[in-house]
Amino acid sequence: LVLKIESLQLTSRIVVSPCQAASSTALNQMLLLKQSSAAVLVSGNPTPVLYTSRFTSRVGCIPVSKTYSSQSFTMANLHKRLTSSPEKLNPVLSCSSHEASPLSENKEHVHGVSEIIVGVLGGGQLGRMLCQAASQMAIKVMILDPSKNCSASSLAYGHMVDSFDDSATVEAFAKRCGVLTVEIEHVDVETLEKLEKQGVDCQPKGSTIRIIQDKYMQKVHFSQHGIPLPEFMEISDIEGAERAGELFGYPLMIKSKRLAYDGRGNAVANSQDGLSSAVTALGGFGRGLYVEKWAPFVKELAVIVARGKDGSMVCYPVVETVHRDNICHIVKAPAEVPYKINKLATDVAQKAVGSLEGAGVFAVELFLTEDGQILLNEVAPRPHNSGHQTIEACYTSQFEQHLRAVVGLPLGDPSMRTPASIMYNILGEDDGEAGFRLAHRLIARALSVPGASVHWYDKPEMRKQRKMGHITLVGQSMGVLERRLQCILSGQSDQVHETPRVGIIMGSDSDLPVMKDAAQILDMFGVTYEVKIVSAHRTPEMMFSYATSAHSRGVQVIIAGAGGAAHLPGMVASLTPLPVIGVPVRATRLDGVDSLLSIVQMPRGVPVATVAINNSTNAALLAIRMLGISDTDLVSRMRQYQEDMREENMVKGEKLERQGWESYLNQ
């Protein structure tokens with residue numbers, strides 16, 4: 001049967017097969033619709049049932065419309081439907097709930113990055129940012145969330161308004177997607193495991209979600225895999241809680257096994273007398289409780305780990321998380337910890353994720369203890385608050401990485417593209433309109449600060465302590481960003497000043513006539529700097545403070561001028577990780593040679609660069625070249641400076657040849 005249809009409007013080539021009730025031979029019965037053709041060819045079944053929708057799917061499934069009502073019709077009224085509606089229709093007919101379309105199976109015909117539709121259980125801010133990351137790769141993301149106006153709804157390719165912990169709903173939703181993932185772990189795990197047995201691609205696996213959902217089970221699992229943890233035990237009555245207190249001491253952390261996040265499900269008992277009230281606050285023993293020995297941590301750390309479908313893994317830089325009322329408040333990236341702590345945290349995180357199944361992004365929260373131990377707190381099998389700064393600070397955001405992982409694309413580069421970053425959560429400070437007004441003022445201040453980006457989650461309701469958005473600051477150093485954040489929070493964003501990139505220091509003001517040349521060069525190149533008198537002999541405490549704080553304040557290179565014994569450059573170099581350039585200053589004796597020899601005779605392991613005696617000009621030029629490693633503008637200026645010197649020299653040479661040396665000198 002061949003039907004001639006005019007004005008056929010389709011956005012892509014779509015294969016349509018008869019419904020699931022048909023036999024397996026129906027796979028050969030296809031309705032082929034082409035944008036360039038006005039003919040629809042139907043073989044085998046003269047009246048197949050079609051379902052229309054705005055969604056297209058890479059799997060042979062029955063999508064539904066945005067309002068979740070489907071319409072069936074036969075070939076007899078297909079022409080009327082197509083020609084009467086100005087909408088572009090994408091008819092897809094189900095044959096098998098997980099039969100991939102020939103177009104998607106043949107990689108030579110994939111248009112763009114991927115044609116797989118990613119289904120996300122949950123539509124909160126994490127789902128919203130997944131949709132934002134998906135848009136740049138044109139990956140289609142559908143969400144299942146009970147809230148019609150959830151955060152991700154306006155950005156998703158499709159939104160099914162229903163519960164993500166209802167079995168029938170999740171099964172129906174899965175049929176519309178090529179891969180199923182989560183933005184919240186509190187979903188119906190039994191359904192996920194059932195779908196996996198039916199061939200649905202769930203990432204991460206249902207077994208992982210099951211482990212993570214129950215925090216006590218999570219502790220048991222990681223303990224069995226040799227992951228370092230705080231001591232813990234299950235409690236079922238007040239006697240058990242008292243025994244835990246005797247065993248672990250106080251304060252004692254009491255936690256709910258399930259449905260605990262963002263400060264919910266945790267209570268602290270500071271003594272045995274506080275056990276009953278803590279248990280009551282958590283809903284009683286019937287809810288399922290366990291206790292953890294209090295971890296005397298000095299910092300809370302986190303590592304985002306991504307694993308691909310092929311088992312490959314990448315880790316983001318270790319970050320420090322700062323909590324307020326058990327809710328993530330600030331994230332600092334990278335964490336300011338020694339390298340060995342950094343490596344240990346990364347190793348623990350990678351080992352923990354390696355014990356779980358499935359692809360995606362995992363957030364591993366850790367404690368750093370006073371004695372340098374790394375203890376695992378908990379794991380989230382999804383993008384996480386501790387990774388929001390990756391959008392601006394890393395080459396591949398955690399959201400793009402999650403999509404890459406679950407779809408089966410190569411994992412991206414997780415390294416940072418900026419020296420430092422701070423993420424600040426915008427939490428509701430009041431309910432309703434009052435809270436919106438306060439948030440708006442905060443956002444306005446943030447937008448006036450260099451290096452600040454604002455993310456607003458577009459949630460319809462404002463409540464105290466609710467996560468409404470976040471601010472990310474990127475810059476040259478953590479100290480600079482902390483000061484900028486403080487200016488935003490205090491309402492003094494107009495007082496943010498440029499940070500000196502170069503520190504010019506000297507032991508005495510008698511060195512200033514020499515060191516001023518360095519300042520003049522830096523002015524010429526537009527490099528910010530500071531000039532200070534810091535003596536290694538007269539003010540050693542000041543020298544120590546300056547050297548140890550310079551990096552955190554944003555200084556990137558130090559130029560230190562010194563005469564005589566010239567201890568200043570070497571002492572500063574021993575205290576800072578920054579490059580130090582020593583300028584030997586000519587003194588009244590030995591013509592500055594003593595200063596030069598002192599600087600170049602530093603012991604192995606304490607490097608100090610140096611230049612010619614009294615030549616702070618070259619010290620500044622060397623500093624500029626160091627900064628130019630990550631500053632293309634300075635590289636361009638340096639090239640121009642070199643060209644200007646060349647032209648100046650050429651002009652002098654031509655003038656000498658034209659006038660002769662006597663006239664040239666007598667001018």
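Buried means under 20% relative accessible area, exposed means over 50%, and partly exposed lies in between (1.4 Å probe, protein chains only). The structure is a predicted model, in which local features need pLDDT of at least 70, side-chain atom pairs count only at pLDDT 80 or more, and totals for chains, interfaces and linings use all residues. Residues are numbered from 1 along each chain as its sequence is written, and side-chain values use heavy atoms, with hydrogens and water left out.

View 1. L597 is partly exposed, with a relative accessible area of 47%. This residue lies in helix α18, residues 593-600; helices (H or I, at least four residues) and strands (E, at least two) are DSSP runs, numbered from the N terminus. Together with V593 and V600, L597 makes a nonpolar surface patch of about 240 Å². Patches are made of residues with over 30% relative accessible area and no salt bridge, like charges being joined within 9 Å and nonpolar side chains (Val, Leu, Ile, Met, Phe, Trp, Tyr) within 5 Å. Accessible areas come from the Shrake-Rupley method with a 1.4 Å probe, and for residues only the protein chains shown count as cover.

**View 2. The salt bridge between E292 and K219.** A salt bridge is a side-chain nitrogen of Lys or Arg within 4 Å of a carboxyl oxygen of Asp or Glu. A search of the whole structure finds 22 salt bridges. In one of them the side chains of E292 and K219 meet, at 2.9 Å from N to O. The pair links distant parts of the chain, 73 residues apart: E292 is in strand β14 (residues 289-293) and K219 in helix α7 (residues 215-224). Both residues, E292 and K219, are buried.

**View 3. The salt bridge between K257 and E234.** The side chains of K257 and E234 meet in a salt bridge with an N to O distance of 2.2 Å. K257 lies in the loop between β12 (252-256) and β13 (266-269), and E234 in strand β11 (residues 232-235), so the pair ties together parts that are 23 residues apart in sequence. K257 is buried, with a relative accessible area of 13%, whereas E234 is partly exposed at 41%.

**View 4. The salt bridge between D631 and R501.** The side chains of D631 and R501 form a salt bridge of 2.9 Å, N to O. This pair links distant parts of the chain, 130 residues apart, with D631 in the loop between α19 (616-627) and α20 (632-659) and R501 in the loop between α14 (478-490) and β24 (502-506). D631 is buried, as is R501.

**View 5. The crossing of helices α15 and α20.** The axes of helix α15 (residues 512-525) and α20 come within 10 Å and cross at roughly 110 degrees. The two helices, α15 and α20, are therefore roughly perpendicular to each other. On the α15 side the contact is made by I521, M524 and F525, and on the α20 side by L634, R637, M638 and Y641; contact means heavy atoms within 4.5 Å. Axes are lines fitted to C-alpha atoms, for helices over the stretch in contact, and angles run from 0 to 180 degrees between N-to-C directions. Angles under 35 degrees count as roughly parallel, over 145 as roughly antiparallel, 65 to 115 as roughly perpendicular and the rest as oblique.

**View 6. The surroundings of H329.** H329 lies in strand β18, residues 327-333, and is buried, with a relative accessible area of 11%. Leaving aside residues up to four places away in sequence, H329 touches V322, H323, R324, M423, Y424 and N425.
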